[in-house]
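Subject: A structure for you to look at

Hello,

Here is the structure I promised to pass on. Please open it and have a look around before reading my notes.

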Amino acid sequence: MNRYDAYDPFARVYDQHWGFFATKAYPILEHLVWEHLPPGCPVLDLCCGTGQLAAELSRQGYRTTGLDGSQGMIEIAKKNAPDADFVVRDARNIALPGRFSAVLSTFDSLNHVMSLDELEQVFQSVFAVLEGGGYFVFDLNMEEGFRSRWRGSFEFIEEDHVCVVRSSHDASEKTGRLDVTLFEMKGSGWVRTDFPLIQRWYEEREIRERLRRAGFEELQSFDESEPIVEGALHEGRMFFVARKHDAHQPRGERRPDVLKERVTVRDGFFDPLPEEELKSWESE
Ligand SMILES: C[S@@+](CC[C@H](N)C(=O)[O-])C[C@H]1O[C@@H](n2cnc3c(N)ncnc32)[C@H](O)[C@@H]1O
């Protein structure tokens, strides 16, 4: 199995323009998971990217480990979150010693896993490193998200780099594709890099089925239609929460239904895209 390293050329630019998005998910994660766990417990940020969420988790006192397939992303993560531990590894084969109270994966990282069997491999791998009673929470772009948002192009123009992203999706393949062209000022000249980032979408039903097959229980999922979040989720983004059974707790003693409660998320990830950004997404 090849390690997933497609973000290597993207790391610095990702950190600057997208890295903070995941920190906006913190209140949701707190609501869904952290408030049910002891302070300071061990957590794994799976596909942690440049570690801005790991930095927030460390600040909150969690013993944080970040895992990502991209060496370039991890190098930046180590600087962003000096108190966390990081490992370059593939999510399909986590195989870390020790057990985590929670594993989380934000900002559609698991959409990069390109087949249902491999997604189940990730789920099995997460199950193996979770302690009994531990939580797995992740978000995914769903079909409607690709159909509504993965079209058109946008760009960032900065002093030392220009980044152009053209997005598209293919309903027959259930894939979305970002074609990135990056110009970076290196030394005295501009260096051009072109690379694709490809994602795959899955049905809610098959995701739940694979979570169950991997051993998870107490599955919950919600999208923007759920009243849990004040404001809006990105259209077509769904959160999943799954739990590993705690052998010391009799089955049936479940925690309250968290989706009936509300959490307020301020500015950012979960707000609708700003008008001008929306226009460029739609400008195809
Ligand atoms: C969209 S970024 C999200 C990063 C971070 N979670 C955040 O919220 O900013 C997706 C990340 O997933 C990582 N990734 C994708 N597939 C992976 C895999 N199979 N194993 C490890 N990392 C993977 C990429 O390297 C990248 O850093």
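Below is what turned up, going from the strands to a helix, then to the ligand and finally to a glycine.

One thing to keep in mind first: this is a predicted model.

**The strands**

Five of its six residues are buried, so E2 is largely enclosed by the rest of the structure. On one side you can follow its pairing with strand E1 (residues 42-46), which is parallel and has five bridges. If you want a pair to find on screen, look for Leu 46, which stands opposite Leu 67 in E2. Together, E1, H3 and E2 form a right-handed β-α-β unit.

E2 also runs parallel to E3, and four bridges join these two strands. Here the pair to look for is Thr 65 and its bridge partner in E3, Asp 85. To get from E2 to E3 the chain passes through H4, and this β-α-β crossover is right-handed too.

**Helix H4**

That brings us to H4 itself, which covers residues 71-80. Which of its residues are buried? They are Met 73, Ile 74, Ile 76, Ala 77 and Asn 80. Looking down the axis of H4, you will see these buried residues fall within an arc of 165°, so they line one face of the helix. The background is simple: an α-helix has 3.6 residues a turn, so residues three or four places apart point the same way. As for what the buried residues of H4 pack against, the partners are helix H1 (11-17), helix H3 (52-59), strand E2 (63-68) and strand E3 (85-88).

**The ligand**

Next, do look at the ligand. It is surrounded by 22 residues, and the closest are Ala 22, Cys 47, Gly 49, Gly 69 and Phe 107. Sorted by class, this shell holds eleven nonpolar, seven polar and four charged residues.

**Gly 133**

Is Gly 133 buried, exposed or partly exposed? It has 16 C-beta neighbours inside 10 Å, so it counts as partly exposed. Setting aside neighbours within four places in sequence, Gly 133 is in contact with Lys 244, Asp 246 and Gln 249.

Enjoy exploring, and do write back with any questions.

Best wishes

Methods:
Residues are numbered from 1 along each chain as its sequence is written. This is a predicted model: local features need pLDDT of at least 70, side-chain atom pairs count only at pLDDT 80 or more; totals for chains, interfaces and linings use all residues. A residue is buried if 20 or more other C-beta atoms lie within 10 Å of its own, exposed if 12 or fewer, and partly exposed in between; C-beta atoms are placed from the backbone. The arc is that of the directions from the helix axis to the C-beta atoms. Two residues are in contact if their C-beta atoms, placed from the backbone, lie within 7 Å. A residue is near a molecule or strand if its C-beta atom, placed from the backbone, lies within 6 Å of it. Ala, Val, Leu, Ile, Met, Phe, Trp, Tyr, Cys and Pro count as nonpolar, Asp, Glu, Lys and Arg as charged, and the others, Gly among them, as polar. Two strands pair if DSSP finds at least two bridges between them. A crossover is right-handed if, with the strands pointing away from the viewer, the path from the first strand over the helix to the second runs clockwise.
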